[in-house]
Amino acid sequence: MASPQELTQVVSDFMTARQAAQEIGVHIRTLKYWKANGYGPDHFYIGKRLFYRRSDVIGWLQQISDTKAPVTNGRKVRA
């Protein structure tokens with residue numbers, strides 16, 4: 001079984017949808033829209049509560065910054 005210190009480290013990587021939206025710099029409704037349309041960082045539920053892993057949010061941000069395609073409301077903008 002994991003030690004209390006290890007569990008604290010794992011849980012500290014979890015973010016609520018509101019925290020993830022703040023980290024990304026978008027409104028929480030935008031994040032929920034993205035989620036409903038299959039866009040955005042990976043997410044998971046514990047019971048009925050929605051969570052994001054900080055590492056998934058950071059990885060997703062790096063992935064979209066590598067594509068260099070502008071994104072608006074979950075849709076790529078045509079150049």
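Predicted model: local features only at pLDDT ≥ 70, side-chain atom pairs only at ≥ 80, totals over all residues.
Local features require pLDDT of at least 70 and side-chain atom pairs count only at pLDDT 80 or more, while totals for chains, interfaces and linings use all residues. Residues are numbered from 1 along each chain as its sequence is written, and side-chain values use heavy atoms, with hydrogens and water left out.

The protein chain has 4 helices and 5 strands. Helices (H or I, at least four residues) and strands (E, at least two) are DSSP runs, numbered from the N terminus. From that end, the order of elements is α-β-α-α-β-β-α-β-β. Buried residues (under 20% relative accessible area, 1.4 Å probe, protein chains only) account for 23% of the 79 residues. The accessible surface (Shrake-Rupley method, 1.4 Å probe) is about 6,000 Å², and 52% of it belongs to carbon and sulfur atoms.

Three strands form an open sheet in the order β1-β3-β2, with antiparallel pairing. Pairing requires at least two DSSP bridges between two strands. The edge strands, β1 (14-16) and β2 (44-46), each pair on one side only. Neighbouring strands are turned by 50° against each other on average, direction ignored. Strand β3 (residues 49-53) is joined to β1 by 3 bridges. Phe14 has Arg53 in β3 as its bridge partner.

Two helices accompany this sheet. Helix α2 (residues 17-24) packs on the sheet and touches β1 and β3. Contact means heavy atoms within 4.5 Å. The direction of α2 makes about 95° with that of β1. Axes are lines fitted to C-alpha atoms, for helices over the stretch in contact, and angles run from 0 to 180 degrees between N-to-C directions. Helix α4 (residues 54-67) lies across β1 and β3 and runs at about 60° to β3.

The structure holds 6 aromatic pairs. Rings of Phe, Tyr and Trp (its six-membered ring) pair if their centres lie within 6.5 Å; planes under 30 degrees apart count as stacked, over 60 as edge-to-face and the rest as tilted. Tyr39 and Trp60 are edge-to-face, because their planes stand at 80°, with ring centres 5.5 Å apart. Tyr39 lies in the loop between α3 (28-36) and β2, and Trp60 in helix α4, so the pair ties together parts that are 21 residues apart in sequence. Trp60 is buried, at a relative accessible area of 8%. The rings of Phe44 and Phe51 are stacked, because their planes lie at 25°, with centres 6.0 Å apart. Both Phe44 and Phe51 are buried. Phe14, Phe44 and Phe51 form one aromatic cluster. The charged end of Arg53 sits over the ring of Phe44, 4.4 Å from its centre. This term requires NZ of Lys or CZ of Arg within 6 Å of the ring centre and within 35 degrees of the ring normal.

Key. Buried < 20%, exposed > 50% of the residue type's maximum accessible area, 1.4 Å probe, protein only.
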